[in-house]
Amino acid sequence: RLKGWMLEDLERPLDALIMYQHAASLEPYDKDIWIDIANALIDLKRYVEALNICDRVLAYEPTFVNAYVFKAAALGGLRRFPEALRVCDYALELDSSNESAHRVKLELATAAQERAFNRERFFWEISDILSDLSGH
């Protein structure tokens, strides 16, 4: 597992994932290893797989805050921002001092605002194009 952390620090998430998967084969009931796997999957943009792992961990450990934090991050990667923010809020209900939950919530809120802004800008650009085409 330590090798996986070192590989993540070196920005080698695929190699880290392989290390974590090996660690999970040796200790299949260690929830922290599974969350490390979810984290590596998020780094690889394999959000659905990460989400499934977080849900499996939460099925056995429904108060494990880090599983909610990484679930929120995976949902954010899937652009499911309202759901991701609700999951983050629940993590903070369980542990209001969890720094990771606060950080992920801020990142999600920022990404959701940027997405809303971009959608609005796109709408206005399309409106301008249609107006130009119709001669108005």
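Visitor: Which residues on the other side of α6 are exposed?

Guide: Pro82, Arg86 and Glu93 are exposed there. Keep in mind as we go that this is a predicted model.

Visitor: And which residues of α6 are buried?

Guide: Start with the general idea: an α-helix has 3.6 residues a turn, so residues three or four places apart point the same way. Here, the buried set in α6 is Phe81, Ala84, Leu85, Val87, Cys88, Ala91 and Leu92. Looking down the axis of α6, those buried residues fall within an arc of 160°, so they line one face of the helix.

Visitor: How many residues does α6 have, and what span does it reach?

Guide: α6 has 14 residues and reaches 20 Å from its first C-alpha to its last, close to the 20 Å expected at 1.5 Å a residue.

Visitor: Now the aromatics. How many aromatic pairs does the structure hold?

Guide: In general, a pair of aromatic rings is described by the distance of the centres and the angle of the planes. This structure holds 1 aromatic pair. Tyrosine 68 and tyrosine 90 form it, with 5.0 Å centre to centre and 70° between the planes, which is edge-to-face. The pair links distant parts of the chain, with tyrosine 68 in helix α5 and tyrosine 90 in helix α6, 22 residues apart.

Visitor: Is tyrosine 68 buried or exposed?

Guide: Tyrosine 68 is buried, because its relative accessible area is 12% and the cut-off for buried is under 20%.

Visitor: Which rings have a charge over them?

Guide: Take phenylalanine 64: the charged end of lysine 31 sits over its ring, 4.8 Å from the centre. Then look at tryptophan 34, where arginine 56 lies over the face at 5.2 Å from the ring centre.

Visitor: What about backbone angles? Which residues have a positive phi although they are not glycine?

Guide: Most residues other than glycine have a negative phi. Lysine 45 has a positive phi of about 65°, and arginine 79 also has a positive phi of about 65°.

Visitor: Where do lysine 45 and arginine 79 lie?

Guide: Lysine 45 is in the loop between α3 and α4, and it is exposed at 60% relative accessible area. Arginine 79 is in the loop between α5 and α6, and counts as partly exposed at 47%.

Note on methods. Residues are numbered from 1 along each chain as its sequence is written. This is a predicted model: local features need pLDDT of at least 70, side-chain atom pairs count only at pLDDT 80 or more; totals for chains, interfaces and linings use all residues. Side-chain values use heavy atoms; hydrogens and water are left out. Helices (H or I, at least four residues) and strands (E, at least two) are DSSP runs, numbered from the N terminus. Buried means under 20% relative accessible area, exposed over 50%, partly exposed in between (1.4 Å probe, protein chains only). The expected span of a helix is 1.5 Å times one less than its number of residues. The arc is that of the directions from the helix axis to the C-beta atoms. Rings of Phe, Tyr and Trp (its six-membered ring) pair if their centres lie within 6.5 Å; planes under 30 degrees apart count as stacked, over 60 as edge-to-face and the rest as tilted. A charge sits over a ring if NZ of Lys or CZ of Arg is within 6 Å of the ring centre and within 35 degrees of the ring normal.
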